[in-house]
Amino acid sequence: MKFFLDTANLDEIRQANEWGIVDGVTTNPTLIAHEKGVDYCQRLKEICQIVPGPVSAEVVGETKEQMLKEADRFLGIARNIAVKLPATEQGIRALKVLAGRGAMVNITLCFQAMQALVVARLGATFVSPFVGRLDDIEDPGMNLIRSIRTIYDNYGFKTQILAASIRSTMHLIQAAEIGADVATVPYKVFAGMLKHPLTDIGLRQFMDDWHKAQQAMSQLPPNVV
Ligand code: G3P
């Protein structure tokens, strides 16, 4: 499973990128709004310079024409831009045009499997089912990932399942078990991916034992050493 970072914050992207496992970045209007006053296109350019993999840029237009106009602006920023379109009728009309031109497209706000089937038919590069937001309404989000995986495997669709709205390490493990192609991860969840209390306790124990042994050695008379 590939990892994208779900943020528009440059410090977070630089930090996470040092791990060597960041395959791309996803942004959205809310994440950009968190970055107080930054210019969206300028920020996308900076992100694309740090991460060579796909960087999703989301349109805010409501019609196909508005979406395509924004898409043209985004696609002019860098070769690794993926245009993020909503899973709506206007969104799929824009998808048809962009996929026809060979552009990378990420279909966002996917909450049911038919949306995923339709956009795969139209050649979307990624589909983003929102796991956490389904969990929030008591509809287990992983069921949607499983259902899309089954449908895509039945027909050999190449569209990549990009598990989004990820809230925990458990979400990542479940998405990987089901076979999501990518998970987009908020920095806080990314930074916690290696955490286990027994790892910390075990490491502390090893270090303590090591230092105790070193100290005992240093206290032996020189001829014994
Ligand atoms: O990329 C968008 C998606 O990951 C949103 O997550 O936590 O706002 O539901 P969240």
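Author: Let's start with a term: a residue is buried when its relative accessible area is under 20%, exposed when over 50%, and partly exposed in between (1.4 Å probe, protein chains only). This is a predicted model, in which local features need pLDDT of at least 70, side-chain atom pairs count only at pLDDT 80 or more, and totals for chains, interfaces and linings use all residues. Residues are numbered from 1 along each chain as its sequence is written, and side-chain values use heavy atoms, with hydrogens and water left out.

Reader: At the start of helix 6, which residue's backbone nitrogen does glutamine 112 reach?

Author: Glutamine 112 uses a side-chain oxygen here. That oxygen comes to within 2.8 Å of the backbone nitrogen of methionine 114.

Reader: And on helix 4, how wide is the arc of its buried residues?

Author: Helix 4 spans residues 64-75, and its buried residues are Met67, Leu68, Glu70, Ala71 and Phe74. They line one face of the helix, because seen down its axis they fall within an arc of 165 degrees.

Reader: Which residues are exposed on the other side of helix 4?

Author: Cover for the buried residues of helix 4 includes helix 3 (40-50), strand 3 (55-58), strand 4 (81-86) and helix 5 (89-100). On the other side, the exposed residues are Glu65 and Lys69.

Reader: Is glutamate 35 buried or exposed?

Author: Look for glutamate 35 in the loop between helix 2 (29-34) and helix 3. Its relative accessibility is 17%, so glutamate 35 counts as buried.

Reader: Which side chain is joined to that of glutamate 35 by a polar contact of 3.0 Å?

Author: Leaving aside neighbours within four places in sequence, glutamate 35 is in contact (heavy atoms within 4.5 Å) with Ala8, Asn9 and Arg43. A polar contact is a pair of N or O atoms within 3.5 Å; within protein, one must be able to donate a hydrogen and the other to accept it, and residues adjacent in sequence count only if both atoms are side-chain atoms. At 3.0 Å, the side chain joined to that of glutamate 35 in this way belongs to arginine 43.

Reader: How much of the ligand's accessible area does the protein cover?

Author: Among the residues around the ligand are Asp6, Asn28, Phe130 and Arg133. Oxygen atoms of the ligand lie 3.4 Å from a polar side-chain atom of lysine 84, 2.7 Å from one of serine 165 and 3.0 Å from an N or O atom in the side chain of arginine 167. Of the 310 Å² of accessible area that the ligand has on its own, the protein covers 81%.

Reader: What is the phi of serine 165?

Author: Serine 165 is found in the loop between strand 7 (160-163) and helix 9 (169-178). Its relative accessible area is 11%, so serine 165 is buried. Most residues other than glycine have a negative phi. Serine 165 is not a glycine, although its phi is positive, about 55 degrees.

Reader: Which value does phi take in leucine 109?

Author: Leucine 109 lies in strand 5 and is partly exposed, with a relative accessible area of 33%. Leucine 109 is a residue other than glycine, yet its phi is positive, near 60 degrees.

Key: Helices (H or I, at least four residues) and strands (E, at least two) are DSSP runs, numbered from the N terminus. The expected span of a helix is 1.5 Å times one less than its number of residues. The arc is that of the directions from the helix axis to the C-beta atoms. A residue is near a molecule or strand if one of its heavy atoms lies within 4 Å of it. Accessible areas come from the Shrake-Rupley method with a 1.4 Å probe; for residues, only the protein chains shown count as cover.
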